[in-house]
Amino acid sequence: MSDTKEKKDMTQVKLSGRDILQDILSSSILRIVIAILLAFVFGLLLVIFTNARVLESLPNFFGNPGEFFAAASSSIGAFFEAFFKGAIFNPNGKTVEAQFRPLTESLRFAGPLIAAGLGVALTFRVGMFNIGAMGQILFGSAFAAYASFQFHLPVGVHLVVAVIFGLIGASIWSAIAGWLKAQTGAHEVIVTIMMNYIALNLVTYAMRTDILNPGATSTTPQAHAPDPNAVLPLLLGPGFKIHWGFILVLASVAVYWWLMEKSSIGFKFRAVGFNPDAAKTAGINVKRIYVLSMAFSGLFVGIAAVNQTLGDSLRITPGIDGGIGFEAITVALLGGSNAIGVLLAGLLFGAMKATGPAMQSAGVSPDILSVVQGLIILFVAAPPLIKAMFRLPNQRSTIAIDAPTTNKSHKKAKALKEAGVDSATKAEATEEGSEK
Amino acid sequence: MKLELRDITKRFGSLVANDSINLTVESGQIHALLGENGAGKSTLMNVLFGLYTPEEGQILLDDEEVTFSGPGEAMAAGIGMVHQHFMLVPVFTVAENVILGHEPTKAGGVLDLGAARKLVRDLGQKFGFDIDPDALVADLPVGVQQRVEIIKALSRNAKILVLDEPTAVLTPQETDELMEIMRELAKSGTSIVFITHKLREVKAVADTITIIRHGKVVGEASPDASTHELATMMVGHDIQLIVDKADREPGEVALEVDNLTVFDVNNQKVLDDVSFDVRNGEILAIAGVQGNGQTELVEALVGLANKVKGEIKLYGEPIQSASVKKILDAGVGYIPEDRKIDGLVGDFSIAENLMLDRSNGKPFVGGFFTIDTKFRDQFARERIEEFDIRTQSEKTLAGRLSGGNQQKVVVARELSRDLKLLLASQPTRGVDVGSIEFIHERIVAVRDAGLPVVIVSTELDEVLALADRIAVMYKGRIVDIVPGKTERAKLGQLMAGVQE
Amino acid sequence: MTLERQFDAAAPIQWKMPIILSVAALVILGFFGFGVDSNDVVFRWSNDTDAIVLANTAINAQLLGIVLGAISVLAAAASIWFAARRKQVPWYLSLIVGFSFIVGLISSVGVGTNVNVVFILSSTVALSTVIVFGSLAGIIGERVGVVNIAIEGQLLMGAFVAAFLGTITGSLWVALIAATLGGALVSMVLAVFSIKYLVDQIIVGVVLNVLVSGITAFFFSTVMSKNGVGTNFPGTFPIISIPFLSDIPVIGPVLFSQRLTTYLMFILVPLVWFVLFKTKLGLRLRSMGEHPLAADTVGLNVNRTRFWAVTLAGLIAGLGGAALTVGSVGSFVKEMSAGQGFIALAVVILGRWHPIYAAAAALLFGFAGTFRIWAVQAGAEIPSDLIQTTPYLVTLLAVTILVGKSVAPASVGKAYEKQ
């Protein structure tokens, strides 16, 4: 079979620039736009068919279809109005500040999503699946919170120290997962999930005791408020909640781009992600890369933790993660694990998050937005599905998501090898593998 | 059963893997299908077995046309196949593997393993091999695994048995035994299609020979045809595997290996007390049937082995516990045996692959960990020129190159470093003839520059063409180290572990 | 490549297991034995209202701990003996140490008070039911070669559909069937995307969890929260006490006085084991998780079989969802699966892809949850937040130290592409 495979490779050499038009048509950008629109359509259908007025009009649909369409369009209208007012611009605001606040709120919500998304994306590029952003945020937050009130340092210094503490906290927790994978070969998905729960309980414990909550009177877990010196200053003055944390996020986007696209560290990361065997053979210490990349990933997630702890909620609780850990995975997936993609995906999801209160007051449950998010990823993840739905031309790369799937060809070659010639290496067959 | 293939054409994209191939296998005959790697033999058999659908052509069994949409239908029609990579589940027992897909059951779909064991024993007795039906396949030697595959096919009443490169993993002795089994099967009326690129085996066992080149049948031959004649038909021109290689007096000892023992991840000993040395300006070839510890030996030399005992010295420096990076930085060039798995990152460009083992510091990495892309691309363009890598640009992904060109990328990368020792494992496996010559010349040039070279090859032709000395391995040990001009027969004996 | 076995003698010794057992034995001896006050602990075997009342057992907790510790030390010593001779450490030694550890832990916390054995055991079963269903779904999926990260979503969907349709139709049976279909629907999406469209299985799984959590939360807040009685009040299956069997002390109330969903779990665990390891279907399923190409070349349809196996797995996970609502509290609550689907995934590994071992591993999680509740009541000194981390730590320990990679089905997580 190997000979045919080789020939297939040869045919691919002949593919040249002749399909440029097709390439644009079938580019991932178009597909992502379609996926997003499609997801919103499905989401809207849910909104329409759970709307009380629409449901009332349904039994009499044939008698009075007008009422149905009126009800449906009014609920669609409410949805988009709430979205616009909640995420971009509120024309009803009493002041100019109030009118523009939704836009800054979107950015504020997007910040931690982008940073954590970069962290998850980084591990995707190394061929790993870091589900542990939640635990890393918790640890980073705990570290940042600790530094923010236990130390008393001068203006400027204190903030820097607290930020660094947050980054280190998240990075340590993340690196432990990488170390466990490197040393024992345990799958990082299970390891990081378990570490999420452990982090949650440890941080809760710390918030019930003097570690994070000295002089507490109730048993409700909550951290002490940070010193004013350790709080991220507001970016646009008191009229807006957005703070300097967002600048940190933008800086981390730039750092991520340099790290992954330009640096020799990123080169090794990508080599390991695409083909760990070849990387190892070329003298790259794959185990060290696993630890190092998880540590770097933790630094980015730490930016999210710092945003949450020193910027937004000033007395943090065990719920500080606020779902960011898991949403970061969707951000990284939608963003194709590259810097600009993650930035844009984070902005989109941040805007959706910011519309929550406006949705609520418009009578639409904000939960619809997580449905839309899930659908977007699902549609983006399956290019053939979108293609089949819209009869787009065939594209050359079938995987839009630049995630752990990227080392497919290598995995396949390896699977063949494992299945075939070297089947004898799997000598450690288990008793229960084949019960007698 | 008589098998006839008429005008079979199978395309992959723009490539024609099989170009209207005609083949007739008479009942009870051993029909050899001879061709180079990549000639389209396996594709043809996968068409026959229902794994591929041909664009054109017919398959006839006993003069009746049949079409198969999958292997299940092919098997039901009486075709059995022993694949090059065994299709056995390692953690299943022999009996479970044999019955998979046509399981004897008791009431309610419960497996009848008693019947399965009996089936295995009966078939084994009939053809004279004794296999424990309850043994786990993973625990069996490859030769025995192959017999399990044959039993698997026979248990489905195969009338036509296709053997795809069956001797690649066998010792010469096991190969002889396999040929005996083939003759036995043919005598009992089974037709056999024997796919191979090894001329000696074809001449030993085949009744008829069909030669395939570049997806086309280029001729038929009888086993009395001379080796030279067959080889010329197979390759298309006079093959000359003899590289121009002047005799050369080797220099001082460069690499010393003393009592080297290696354990794999399961703590099994895979290399057992191996000792040898290599001198400057000398090519030491490590010969042996695949899977006798050669891979493990080379991996140990380059620092990839799991656990090592003993000593490896490069110019007097012990390196047995050094990291891969240290060893590569010390000037060891390494061409791994499987370029797709260990040699290249398929999703990286040629330029990126050419800097794969030099991603620390100069010349590829400039200040503050930043890659000097200008230098990288310039370097890549020069190597593409120098090593005749056929590609559009240095930005082409390595995975999209042909096998020969991929191998040239690996060779270019390793030879463009400041070398103290070259290790080349299967340097020309799956590579077209033109590239083979090129790569061989390059390896000899390294030796002529006064450097020590170790090559590993399972192809005796390659070993004989390149070696100054030959170390033969069998079951994790070096059986003997002999001069480069040793006779084939003698080498064959050593490869089977026989020592006077 | 493996050479003949005679070389084994020279292989390095495996010290992992003896070290773990020795450490555990010393903990038992030190913390649960010598470290405990010399006071009585009372084990209560039955309630006063039971048909057969067993007398309580009072025993000196320190003495008990020392005895258990001594037994464990012996077991650890035996494991060293085996390891030094390069033999596999027998499983029963780990069992002895594990059992001693749990009994020692309980008696050291319960010193000076009562230990209600029946409560601990029944609560352990109750808290592990959903995890067992989830892990069965995980095992079937992974045995056939598909990682089912969406168990969490399947549980949640099952729970939601059971509560919703159960309330609307007023039938618990409808609730049960709807739950299985809900779970199956989610896993069918997983199957289509990962098998047909070749999307990475882990990605689809994670996304499906997000999606199901969103959908159920949306319906919960738009429909159920407005009309709880009409849409989210299904009631629960009654507790069925099996005559005579339920009167057996200790075992009776734990095993034979349960709801239908729990009995279903008792049946499904051995059933899944039987089907996987003893039947034709099981052989075929397992072959596809190990070597799909081999299955294909003997004429089996790998992708179709994988599809239906994953669907079946979702069906079982859906039952687990039903156990959350109609098998336990009745009403649906947002995010009520609370990560049990992920724990089930860990249990699959801990149980080495084997239904019966996995059920045992799930009991460990059930016990940890129970212990936390009980230890707080018994006035334990260890903070409950820290106790809560134990099952996760144990899982982490297990997947990193005890279970190597070698036992997982070889082709799990890899899509099978036909040429």
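## A phenylalanine in a chain C loop

C:F244 sits in the loop of chain C that runs between β4 (240-241) and α9 (251-255); helices here are DSSP runs of H or I with at least four residues, strands are E runs of at least two, and both are numbered from the N terminus. This is a predicted model, where local features need pLDDT of at least 70, side-chain atom pairs count only at pLDDT 80 or more, and totals for chains, interfaces and linings use all residues. Residues are numbered from 1 along each chain as its sequence is written, with chains lettered from A and ligands numbered from 1 in the order in which they are written.

C:F244 is not a glycine, yet its phi is positive at about 65°. With 10 other C-beta atoms within 10 Å, C:F244 is exposed (12 or fewer is exposed, 20 or more is buried, in between is partly exposed, with C-beta atoms placed from the backbone).

Most residues other than glycine have a negative phi, and most peptide bonds are trans. B:K475 has a positive phi, near 50°, and lies in the loop between β19 (469-474) and β20 (477-483). B:K475 counts as buried because it has 20 C-beta neighbours inside 10 Å.

The peptide bond from B:K362 to B:P363 is cis, with omega near 0°. B:P363 belongs to the loop between α12 (350-354) and α13 (373-386).

## Two domains in chain B

Chain B is assigned domain 1 (3-235) and domain 2 (253-495), with bounds from an automatic or database domain assignment. Their C-alpha centres are 33 Å apart.
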